[in-house]
Amino acid sequence: MTRSPTGPVVMGVIALELAAGHAPQRAALSAAEASGLAEKLGRDLAVHAPQVRDLDLVLAAAHFDPAEALRPGWSLHQRLRELHQRAPGRGEGARLIAFGTDENGDVPLPLQAEEGLRGGLLRVVPFLLTGDGPTVDAVGERLETVLLETGMAQADTALLAQTAFGAQIEHARYMTLHDLAAMTAMQYEHGGLGALWPVIETALMAPAEEQWLDAPPEPLLRYSGGEVHIALFEPAAWRVRYAPQDATDEQLERAYQHFQARQQQIAAVLEAHGIPVTFAHCPGKTDARETLQS
């Protein structure tokens, strides 16, 4: 559960695990399909937390890369909050509000996923729950407790998503954003990016704080003020900090190229999470940490 200027909300996703080689054929659902998916979502969530029925459920019936949902300020769900504020029927009881394609079948800007992040096997469909504060608190606490272990979507919900998105879905489950963050941290650990996660987590959970990645052989970087500065070492400065002892010139050249590729990989991951990255030139005679703090 989190709070915003417009009140407390529970932020979650429908996580769709796709079969390899079968990208969804459609980026977003029609208004009618979106409403149908929202109804099944509400029913499924109410199994775990019956008070869901007393809250507004807001669904963006479009799929995104998980990194788009895990950005500072929770920007993807912020779009949903803004759409919810403009929806009719306020004060008339709990509402199911679903957003899909427009009358021409086009995907409106708030529901457009980034083109460069479309290739993954996990796609997420964002939703939020909002309403009376104590009810939101109770529902949020309950969903945080149970969804990660027992949040599989019911079969007809998964089938509707599969048919409507034109995808081959192996698993469909519900997660809070904290669940999604925990799963992503585990995936990064298994994928050799575990050292970077504390930086991303700080940007998400405590954006005003500072976080370093200072663990050779990893690149040196500092998160502060909402952005990351990565130390860009000249070859001589890199050798002082990173070079293996007794390495040949050829081995050093390969190692330096690998290090540069690693910097670019880390920068790409951070930018996928919406964290701005700049490279700070670090000459050989300067202290790289001091350069990143200046």
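Guide: A salt bridge is a side-chain nitrogen of Lys or Arg within 4 Å of a carboxyl oxygen of Asp or Glu. The model is predicted, so local features need pLDDT of at least 70 and side-chain atom pairs count only at pLDDT 80 or more, while totals for chains, interfaces and linings use all residues. Residues are numbered from 1 along each chain as its sequence is written, and side-chain values use heavy atoms, with hydrogens and water left out.

Visitor: How many salt bridges does the structure hold?

Guide: The structure holds 12 salt bridges. In one of them, the side chains of Arg 118 and Glu 115 meet at 3.0 Å, N to O.

Visitor: Are Arg 118 and Glu 115 buried or exposed?

Guide: Buried means under 20% relative accessible area, exposed over 50%, and partly exposed in between (1.4 Å probe, protein chains only). Arg 118 is partly exposed at 28% relative accessibility, whereas Glu 115 is exposed, at 62%.

Visitor: What is the order of the strands in the open sheet?

Guide: Strands of a sheet pair through backbone hydrogen bonds, either parallel or antiparallel. Two strands pair if DSSP finds at least two bridges between them. Here four strands form an open sheet in the order β7-β8-β9-β10, with mixed pairing. β7 and β10 (277-282) stand at the edges, each with a single partner strand, so one side of each has no neighbour in the sheet.

Visitor: In what sense do β8 and β9 pair?

Guide: β8 and strand β9 (residues 227-233) pair in the antiparallel sense, over four bridges. The bridge partner of Leu 221 in β9 is Ile 230.

Visitor: Which residues are linked with Lys 40 in a network of salt bridges?

Guide: The network links Lys 40, Arg 43, Asp 44 and Asp 156. Within it, the closest N and O atoms of Lys 40 and Asp 156 are 3.6 Å apart. Lys 40 lies in helix α1 (residues 31-48) and Asp 156 in helix α5 (residues 155-165), so the pair ties together parts that are 116 residues apart in sequence.

Notes: Helix = DSSP H or I, 4+ residues; strand = E, 2+ residues; numbered from the N terminus.
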